[in-house]
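Here are my notes on this model, point by point. Please read them with the structure open.

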Amino acid sequence: TKLKEVGHIDPGSNMLIVDPTKSNWRNIISPSNSTHWLDQFALKPGYSPLAKALHRAWAFHEYCSEVVVPALHFFEDWYNISKNYSNTYD
């Protein structure tokens, strides 16, 4: 594939090795040099199913684990603040 040829995908493991949010993958995979099916899908940021798939492959997505711990801390902090606030006025 084009992404393998330019070093975005490891040829041995087939793992994505370049962050798709910071790479030029849209220029590499474009309708002008694509296979027959790619021109059916938008490559535009926010609309591209391929972009979403690459973000999942990179494990950088809203639902990936790297955001879970900060989110839990946010809710724990909110809970503690609201608990202390309500105890002040009891």
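1. Which residues make up the largest nonpolar core? The core consists of Leu3, Ile9, Leu16, Trp25, Ile28, Ile29, Leu43, Ala51 and Leu54, 9 residues in all. The elements that give two or more residues to it are α2 and α3. A nonpolar core here is a set of buried Ala, Val, Leu, Ile, Met, Phe, Trp, Tyr and Cys residues joined through side-chain atoms within 4.5 Å. In soluble globular proteins, nonpolar side chains tend to be buried together.

2. On the basis of the notes: this is a predicted model, in which local features need pLDDT of at least 70 and side-chain atom pairs count only at pLDDT 80 or more, while totals for chains, interfaces and linings use all residues. Residues are numbered from 1 along each chain as its sequence is written, and side-chain values use heavy atoms, with hydrogens and water left out.

3. The overall make-up. The protein chain has 4 helices and 0 strands, in the order α-α-α-α from the N terminus. Helices (H or I, at least four residues) and strands (E, at least two) are DSSP runs, numbered from the N terminus. Of the 90 residues, 20% count as buried. Buried means under 20% relative accessible area, exposed over 50%, and partly exposed in between (1.4 Å probe, protein chains only).

4. Surface and contacts. The accessible surface of the protein chain is about 7,000 Å², and 60% of that belongs to carbon and sulfur atoms. The areas come from the Shrake-Rupley method with a 1.4 Å probe; for residues, only the protein chains shown count as cover. Among contacts (heavy atoms within 4.5 Å) with a separation of 6 or more, 31% join residues 24 or more positions apart.

5. Leu16, a core member. Leaving aside neighbours within four places in sequence, Leu16 is in contact with His8, Ile9, Leu54, Ala57 and Trp58.

6. Ser48 deserves a look. Ser48 lies in the loop between α2 (25-28) and α3. Is Ser48 buried or exposed? Ser48 counts as buried, because its relative accessibility is 1%. At the start of α3 (residues 49-58), a side-chain oxygen of Ser48 reaches to within 3.2 Å of the backbone nitrogen of Leu50. Beyond its neighbours within four places in sequence, Ser48 is in contact with Trp25, Ala42 and Leu43.

7. Positive phi values. Ala59, which follows α3, has a positive phi near 65°. Asn14, in the loop between α1 and α2, has phi near 60°, a positive value in a residue other than glycine. Asn14 is partly exposed, at 46% relative accessible area.

8. The salt bridge count is 1. The rule asks for a side-chain nitrogen of Lys or Arg within 4 Å of a carboxyl oxygen of Asp or Glu. Asp19 pairs with Lys22, and the closest N and O atoms are 3.4 Å apart. Asp19 counts as buried at 13% relative accessibility, whereas Lys22 is exposed at 70%.

9. The aromatic pair count is 1. The ring centres of Phe74 and Phe75 are 5.3 Å apart and the planes lie at 75°, so the pair is edge-to-face. Rings of Phe, Tyr and Trp (its six-membered ring) pair if their centres lie within 6.5 Å; planes under 30 degrees apart count as stacked, over 60 as edge-to-face and the rest as tilted. Both Phe74 and Phe75 are exposed.

Notes:
A polar contact is a pair of N or O atoms within 3.5 Å; within protein, one must be able to donate a hydrogen and the other to accept it, and residues adjacent in sequence count only if both atoms are side-chain atoms.
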